[in-house]
Amino acid sequence: MEIIIRGDKIEVTKAMKDYIKEKLKRLDKYLENSDAIRASVVVRVSSHRQTVEITIPLHNFIIRSEETQEDFYAAVDKAIDVMERQIRKNKTKSIGRAYSNNNG
(Lines give C-alpha, C1' and ligand atoms only; values in the text may rest on other atoms or scores of the structure.)
Protein backbone atom coordinates (compact mmCIF):
# COMPACT_ATOMS: atom_id res chain seq x y z
CA MET A 1 0.00 0.00 0.00
CA GLU A 2 1.34 3.42 -0.92
CA ILE A 3 0.88 5.81 1.99
CA ILE A 4 0.92 9.58 1.55
CA ILE A 5 1.18 11.44 4.86
CA ARG A 6 1.02 15.19 5.22
CA GLY A 7 0.63 17.60 8.09
CA ASP A 8 -1.67 20.60 8.21
CA LYS A 9 -0.17 23.19 10.58
CA ILE A 10 2.04 20.46 12.05
CA GLU A 11 5.29 18.83 11.06
CA VAL A 12 4.82 15.09 10.88
CA THR A 13 7.85 13.46 12.51
CA LYS A 14 9.45 10.19 11.44
CA ALA A 15 8.05 8.49 14.56
CA MET A 16 4.53 9.65 13.66
CA LYS A 17 4.93 8.42 10.07
CA ASP A 18 6.28 5.06 11.23
CA TYR A 19 3.37 4.66 13.65
CA ILE A 20 0.79 5.42 10.94
CA LYS A 21 2.44 3.01 8.49
CA GLU A 22 2.63 0.25 11.10
CA LYS A 23 -1.05 0.63 11.97
CA LEU A 24 -2.16 0.76 8.32
CA LYS A 25 -0.46 -2.61 7.76
CA ARG A 26 -3.35 -4.13 9.76
CA LEU A 27 -5.68 -3.33 6.86
CA ASP A 28 -3.56 -5.22 4.28
CA LYS A 29 -5.11 -8.56 5.23
CA TYR A 30 -8.54 -7.27 4.15
CA LEU A 31 -7.41 -5.71 0.88
CA GLU A 32 -6.60 -7.75 -2.18
CA ASN A 33 -3.86 -6.34 -4.42
CA SER A 34 -2.86 -3.90 -1.66
CA ASP A 35 0.22 -2.78 -3.63
CA ALA A 36 -2.05 -0.86 -6.04
CA ILE A 37 -3.87 0.97 -3.23
CA ARG A 38 -3.00 4.51 -2.17
CA ALA A 39 -3.86 5.72 1.32
CA SER A 40 -3.95 9.42 2.04
CA VAL A 41 -3.37 10.56 5.63
CA VAL A 42 -3.72 14.15 6.87
CA VAL A 43 -2.69 15.11 10.39
CA ARG A 44 -4.10 18.38 11.77
CA VAL A 45 -3.80 20.27 15.02
CA SER A 46 -6.27 22.77 16.42
CA SER A 47 -5.55 24.07 19.90
CA HIS A 48 -4.61 20.88 21.84
CA ARG A 49 -6.57 18.40 19.76
CA GLN A 50 -5.03 16.16 17.10
CA THR A 51 -7.11 15.18 14.08
CA VAL A 52 -6.15 12.25 11.87
CA GLU A 53 -7.99 11.85 8.57
CA ILE A 54 -7.40 8.69 6.52
CA THR A 55 -8.88 8.13 3.06
CA ILE A 56 -8.45 4.98 0.97
CA PRO A 57 -10.19 4.86 -2.40
CA LEU A 58 -10.89 1.24 -3.33
CA HIS A 59 -12.25 -0.36 -6.46
CA ASN A 60 -15.96 0.05 -5.73
CA PHE A 61 -16.10 2.33 -2.67
CA ILE A 62 -14.06 4.76 -0.56
CA ILE A 63 -13.25 4.09 3.07
CA ARG A 64 -12.63 7.17 5.15
CA SER A 65 -12.17 7.94 8.79
CA GLU A 66 -11.55 11.15 10.70
CA GLU A 67 -10.82 11.08 14.41
CA THR A 68 -9.98 13.86 16.85
CA GLN A 69 -8.35 13.14 20.19
CA GLU A 70 -6.06 14.86 22.69
CA ASP A 71 -3.38 12.28 21.87
CA PHE A 72 -2.13 11.72 18.30
CA TYR A 73 -1.57 7.99 18.82
CA ALA A 74 -5.08 7.50 20.23
CA ALA A 75 -6.52 9.32 17.19
CA VAL A 76 -4.60 7.02 14.81
CA ASP A 77 -5.70 3.89 16.69
CA LYS A 78 -9.35 4.93 16.66
CA ALA A 79 -9.27 5.91 12.97
CA ILE A 80 -7.74 2.55 12.01
CA ASP A 81 -10.34 0.68 14.10
CA VAL A 82 -13.15 2.53 12.30
CA MET A 83 -11.62 1.77 8.90
CA GLU A 84 -11.18 -1.91 9.77
CA ARG A 85 -14.87 -2.08 10.72
CA GLN A 86 -15.89 -0.36 7.46
CA ILE A 87 -13.85 -2.77 5.36
CA ARG A 88 -15.22 -5.83 7.18
CA LYS A 89 -18.78 -4.52 6.85
CA ASN A 90 -18.41 -3.88 3.12
CA LYS A 91 -16.73 -7.25 2.55
CA THR A 92 -19.53 -9.17 4.27
CA LYS A 93 -22.14 -7.06 2.50
CA SER A 94 -20.63 -7.84 -0.94
CA ILE A 95 -20.22 -11.52 -0.05
CA GLY A 96 -23.88 -11.63 1.02
CA ARG A 97 -24.92 -9.97 -2.23
CA ALA A 98 -22.89 -12.42 -4.29
CA TYR A 99 -24.38 -15.35 -2.36
CA SER A 100 -27.96 -14.12 -2.79
CA ASN A 101 -27.41 -13.43 -6.50
CA ASN A 102 -26.10 -16.96 -7.09
CA ASN A 103 -28.84 -18.66 -5.09
CA GLY A 104 -31.78 -16.40 -5.81
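**Fold, charged network and aromatic cluster of a predicted model**

From the N terminus on, the elements of the protein follow the order β-α-β-β-β-α. That gives two helices and four strands. Helices (H or I, at least four residues) and strands (E, at least two) are DSSP runs, numbered from the N terminus. The model is predicted, and local features need pLDDT of at least 70, side-chain atom pairs count only at pLDDT 80 or more, and totals for chains, interfaces and linings use all residues. Residues are numbered from 1 along each chain as its sequence is written, and side-chain values use heavy atoms, with hydrogens and water left out.

The protein has 104 residues, and buried residues make up 32% of them. Buried means under 20% relative accessible area, exposed means over 50%, and partly exposed lies in between (1.4 Å probe, protein chains only). Of the contacts in the protein with a separation of 6 or more, 47% are between residues 24 or more positions apart.

Charged pairs come next. Side chains of opposite charge can pair when their charged atoms come close. Here a salt bridge is a side-chain nitrogen of Lys or Arg within 4 Å of a carboxyl oxygen of Asp or Glu. The whole structure holds 12 salt bridges. One of them joins lysine 25 and glutamate 22, at 3.8 Å from N to O.

Glutamate 53 takes part in a salt bridge with arginine 44, where the closest N and O atoms are 2.9 Å apart. Arginine 44 is partly exposed, at 26% relative accessibility. Glutamate 53 is buried, with a relative accessible area of 14%. Glutamate 53 also forms a salt bridge with arginine 64, and there the closest N and O atoms are 3.5 Å apart. Glutamate 53 lies in strand β3 (residues 49-57) and arginine 64 in strand β4 (residues 62-69), so this pair ties together parts that are 11 residues apart in sequence. Arginine 64 counts as partly exposed, at 38% relative accessibility. Through shared partners, salt bridges join Asp8, Arg44, Glu53, Arg64 and Glu66 into one network.

Glutamate 84 belongs to helix α2 (residues 72-102). Glutamate 84 is buried, with a relative accessible area of 10%. The side chain of glutamate 84 makes a polar contact with the side chain of arginine 26, at 2.5 Å. A polar contact is a pair of N or O atoms within 3.5 Å; within protein, one must be able to donate a hydrogen and the other to accept it, and residues adjacent in sequence count only if both atoms are side-chain atoms. Not counting residues up to four places away in sequence, glutamate 84 touches Arg26, Leu27, Lys29 and Tyr30.

Aromatic rings form a further group. A pair of aromatic rings is described by the distance of the centres and the angle of the planes. Rings of Phe, Tyr and Trp (its six-membered ring) pair if their centres lie within 6.5 Å; planes under 30 degrees apart count as stacked, over 60 as edge-to-face and the rest as tilted. The structure holds two aromatic pairs. Tyrosine 19 and tyrosine 73 form an edge-to-face pair, 4.7 Å centre to centre and with 85 degrees between the planes. This pair links distant parts of the chain: tyrosine 19 is in helix α1 (residues 14-24) and tyrosine 73 in helix α2, 54 residues apart. Tyrosine 19 is partly exposed at 22% relative accessibility, and tyrosine 73 is partly exposed at 33%. The rings of phenylalanine 72 and tyrosine 73 have their centres 5.0 Å apart and their planes at 75 degrees, so this pair is edge-to-face. Phenylalanine 72 is buried, at 5% relative accessibility. Ring pairs link Tyr19, Phe72 and Tyr73 into a cluster.

Helix α1 also has buried residues, with Met16, Ile20 and Leu24 among them. These three cover an arc of only 65 degrees around the axis, which puts them on the same side of α1. The arc is that of the directions from the helix axis to the C-beta atoms. An α-helix has 3.6 residues a turn, so residues three or four places apart point the same way. Methionine 16 is buried at 9% relative accessibility. Leaving aside neighbours within four places in sequence, methionine 16 is in contact with Ile10, Glu11, Val43, Phe72 and Tyr73. Methionine 16 and tyrosine 73 are 57 residues apart in sequence and 8.2 Å apart in space, C-alpha to C-alpha.

Conventions
Contact = heavy atoms within 4.5 Å.
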